[in-house]
Structures are given as structure tokens and as C-alpha cells.
Amino acid sequence: MLRVTNRILLALTGTGLLLAGLAVLAAAADLPDRWGLTLPSGYTWRGPDSVLLGSDGRTRWHGTGWWWPLVLGLLGLLVLLALWWLLAQLRRRRLAEILVDSGDGVGALLRGHAMEEVVAAEAESLPGVDRAGVTLTGRRTEPEARIGLVLLPQAEPAEVVRRLEAESLRHAHRSAGLESLPAEVRLRASKHPPERIS
């Protein structure tokens, strides 16, 4: 959800800035007059010598009682939305604990970090895997795993992923009493120094 929100906000901000930049460029270069374009009647920025917001536009609503509360309310709302977005970016996305169904109706809590370490250690024991990193996300009753594997040069990626799913992930979701443990796996090749042949 946060990824989609970020993309939408970035797209809207980028589009708004692009349109504002094009409007400034068009007015500064006096393109409407050069190309014979007729601008809307309310458009105040008509040439290089005009300003975006003239004195009439700046002082039009000052005498009304609703102007300043509206401006301050909108600015406050904008600040609150920006703070919410910033906190959402900084929030820990890791799952702190997993709810394990013990079968007696009470349940138990498993530390997410402990499960991450176990899955990573088992993934590193697979042939062809140099290093593994695991992050659990999602809800504590339905966790999801993000796994990063650094593969050795002789590794077969398809075989590594198959064994990861069949062994490491299956052991993890069975031991935690979960129906499944969806995973997103990212593979990278390990960097090794060039070999010298003599």
C-alpha cells in the first residue's frame, strides 16, 4: 500500500512541477504572443513582465472572515499529511513477532528476528548460496518473507530457488504453524576478484 501511495504522490508532484515549469518557461519566453495563442481570461501571467499573482489576486479575499482560517487549515492539513507520509517512510517494516497456533486456543508468540535468522542460516546452507538475508513483513498471523540471496558463480539459480522453497521456507512455515509463508526472493551474484591464470 505504501509503495502505491509513494508512486502516486511522486507522479502527481512530478506532473505538477513539470506543468508549472512549462507555464513559467512559456510566459518568460513570451510564447503565447509569438505563437498567437489566446490565454484564458483569468490567466494573469501573460508575458515576461507580468507576475503570477498580482496585487489584486493577493488582496482579493483579505477582507472576508473565512479567508485566513481556510488558508491556515489547508496548510495545517498539508503539514499533517506530510508528517504522516514521513513517519510511514521511517516506520520499521519488520515483523516483530509471529503468532503461533499451539492448538490449545491460547497460542504463542515467536520473535520475528529469531525466525529470520533461522531461515537465513538454512538458506545459507544450500549449495551455491554465499550469503542470505531475510526480512519478515506483513501481519503476525500472515507473515511474508523478503529474502535476498548472494549466489556463488557456480550456483544454478533455478535449483537454489526450488530448494529454498522446498526446504527452508517449508520448514519455517511448518514449525511456526502457518498455512504458508509467501516469499519474494531476490538473487545477486557474489563479486569475486579476478582469477590469475599462469
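Let's start with Arg93. Arg93 sits in the loop between α4 (67-90) and β1 (97-100). This is a predicted model, by the way. Is Arg93 buried, exposed or something in between? Its relative accessibility is 44%, so it counts as partly exposed. The cut-offs matter here: buried is under 20%, and exposed is over 50%.

Arg93 also belongs to a group. Together with Arg3, Arg7, Arg91 and Arg146, Arg93 forms a positive surface patch.

Now step back to the whole chain. How many helices and strands does the chain have? Six helices and five strands. Follow them from the N terminus, and the order is α-α-α-α-β-β-α-β-β-α-β.

Next, the surface. The chain has 198 residues, and 21% of them count as buried. The accessible surface is about 14800 Å². Carbon and sulfur atoms hold 61% of that area.

Last stop: Ser190. Where is Ser190? Look in the segment after β5 (183-189). Ser190 has 12% relative accessibility, so Ser190 counts as buried. Remember the cut-off for that, under 20%. Which residues does Ser190 touch, if we skip those up to four places away in sequence? Asp130 is one of them.

Arg93 is partly exposed and is part of the positive patch. Ser190 is buried, in the segment after β5.

Technical notes
Residues numbered from 1 in each chain as written. Predicted model: local features only at pLDDT ≥ 70, side-chain atom pairs only at ≥ 80, totals over all residues. Heavy atoms only, no water. Helix = DSSP H or I, 4+ residues; strand = E, 2+ residues; numbered from the N terminus. Buried < 20%, exposed > 50% of the residue type's maximum accessible area, 1.4 Å probe, protein only. Areas by Shrake-Rupley, 256 points an atom, 1.4 Å probe, with all protein chains shown as cover. Patch = residues over 30% accessible without salt bridge, like charges linked within 9 Å, V, L, I, M, F, W, Y side chains within 5 Å. Salt bridge = Lys/Arg side-chain N within 4 Å of Asp/Glu carboxyl O. Lys, Arg positive; Asp, Glu negative; His and termini not counted. Charge placed at Lys NZ, Arg CZ, Asp CG, Glu CD. Contact = heavy atoms within 4.5 Å.
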